[in-house]
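I have a new structure open and want to get my bearings in it. These are my notes, in the order I looked things up.

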Amino acid sequence: MWREILNIDPSCKEYFLNFKSLPGNGKAFIAYAGLSYLRKAYQIGKSGKGEYFHGKKNDSVHVHYLISTQSGAGKLTLETGCQSIAANTIMLIPAGTPFLYELDADHWDMCWLLLHDCPEYQFIHQLKAGVWQSDDTSLLYQTMSLIRDFEHSDGRFQSDIQLRLIEVLLYQIEQTLKKTPTQNAQQQRFHTLIRNVNKQLQLPWTVSALANELHISEPQFYRLCKKETGKTPMKLLTQARMDYACYLLRYTHYSLEQIADTVGYADSASFAHRFKQLFQLSPGRWRNHE
């Protein structure tokens, strides 16, 4: 039974969101996503061995499936049995789980996300595959619909709006998954802190200051950060600063001095030095190449 199945009737309509072409850091967490309007026949079956994207035959990508059902119905089949997929439900399938899901009514309207099996989502492996009722279904669906709608607009603030919508979506994904009993109080406080830090990159964050925010020692914070993200605290902070700097270089006309100040560097020389260390290009050359 556990084999690759792809059976989609021509009447089904799907809109794909490619986060590689969208601003922000969504591509680091979301391999692929879309909104689907399914009719007549729809079956997706996987063996749990990974996905192949963009014609890559030699390299499989391990992803977690997260599906939010807006209306209609489907059916999920796992090794443990079958579950109905109804409106206002979330379906989660951790990476490596064999499954079959299919249309089980006259229609099924939903949005789906294939989440990278990255350090930030390692906790998903602790969750059981299945379907549960959730108040977050409409939020995920609405946010993804807005991202789709703004993808083809050409207004002055299109990129800024898309960036904020993707930030909202990542937050909604995290909150949706956290409503299952997976993280202890310390882990939840840690991820809340990291979200707040990413909103205040201009501040002079140190490991000591971050540890104090959680009322733990620096060595404890270091171990917690490595466990939750796979990175040291300063590498995590540097990555966040550089990701946002790349966005500002690509989508704004800010000077290097303004960007350095926005992402927490004392001057443009310090910022440019660290940027070149990471990307082997100066910020100015990187901007011109983009």
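**Strands 5 and 6.** I began with strand 5 (residues 63-78) and strand 6 (residues 81-85), which pair in the antiparallel sense over 5 bridges. The two form a hairpin, with 2 residues between them. I picked Gly74 and looked for its bridge partner, which turns out to be Ile85 in strand 6. A reminder to myself: this is a predicted model.

**Ser68.** Still in strand 5, I stopped at Ser68. Is Ser68 buried or exposed? Ser68 has a relative accessible area of 2%, so I put it down as buried. Its side chain reaches the backbone oxygen of Thr137 at 3.0 Å. I then listed what Ser68 touches, not counting residues up to four places away in sequence: Thr89, Ile90, Met110, Cys111, Thr137 and Leu140.

**Glu102.** Next I went to strand 8 (residues 99-116), where Glu102 lies. Its relative accessibility is 14%, and the cut-off for buried is under 20%, so Glu102 counts as buried. Which residues is Glu102 in contact with, leaving aside its neighbours within four places in sequence? I found Tyr42, Gln43, Gly74, Lys75, Thr77 and Trp108. The side chains of Glu102 and Gln43 are joined by a polar contact of 2.9 Å. Lys75 forms a salt bridge with Glu102, and the closest N and O atoms are 3.9 Å apart. This pair links distant parts of the chain, with Lys75 in strand 5 and Glu102 in strand 8, 27 residues apart. Lys75 counts as partly exposed, at 29% relative accessibility.

How many salt bridges does the structure hold? I noted 6, and looked into some of the others. One of them is between the side chains of Lys46 and Glu4, at 3.3 Å from N to O. That pair also links distant parts of the chain: Lys46 is in strand 4 (residues 42-46), Glu4 is in the segment before strand 1 (5-8), and they are 42 residues apart. Lys46 is buried, with a relative accessible area of 17%, while Glu4 is partly exposed at 45%.

Asp109 forms a salt bridge with Arg39, where the closest N and O atoms are 3.0 Å apart. Asp109 sits in strand 8 and Arg39 in strand 3 (residues 30-39), 70 residues apart, so I logged this as a link between distant parts of the chain too. Asp109 is buried, with a relative accessible area of 12%, whereas Arg39 counts as partly exposed at 30%.

**Helix 5.** I moved on to helix 5 (residues 218-229) and checked its length. At 1.5 Å a residue, its 12 residues should span 16 Å, and the end C-alpha atoms are 16 Å apart, which agrees. Which residues of helix 5 are buried? They are Phe221, Leu224, Cys225, Glu228 and Thr229. Seen down the helix axis, these buried residues fall within an arc of 100°, so they line one face of helix 5. I can follow that pattern: an α-helix has 3.6 residues a turn, so residues three or four places apart point the same way. The face turned away from the buried side carries the exposed residues Arg223 and Lys227. After helix 5 comes Gly230, with a positive phi near 80°.

**Helix 8.** I ran the length check on helix 8 (residues 268-279) as well: its 12 residues should span 16 Å, and the end C-alpha atoms are 16 Å apart, which agrees. At the start of helix 8, a side-chain oxygen of Asp267 reaches to within 3.1 Å of the backbone nitrogen of Ala269.

**Positive phi.** Just after helix 8, Gln280 takes a positive phi of about 60°, although it is not a glycine. Gln280 lies in the loop between helix 8 and helix 9 (283-289) and is exposed, with a relative accessible area of 59%. Asn88 is not a glycine either, yet it has a positive phi of about 65°. I found Asn88 in the loop between strand 6 and strand 7 (89-93), where it is partly exposed, with a relative accessible area of 36%.

Definitions and conventions: Residues numbered from 1 in each chain as written. Heavy atoms only, no water. Helix = DSSP H or I, 4+ residues; strand = E, 2+ residues; numbered from the N terminus. Expected span 1.5 Å × (residues − 1). Polar contact = N/O pair within 3.5 Å; in protein donor to acceptor, adjacent residues only side chain to side chain. Buried < 20%, exposed > 50% of the residue type's maximum accessible area, 1.4 Å probe, protein only. Contact = heavy atoms within 4.5 Å. Pairing = 2+ DSSP bridges. Arc of directions from axis to C-beta. Salt bridge = Lys/Arg side-chain N within 4 Å of Asp/Glu carboxyl O.
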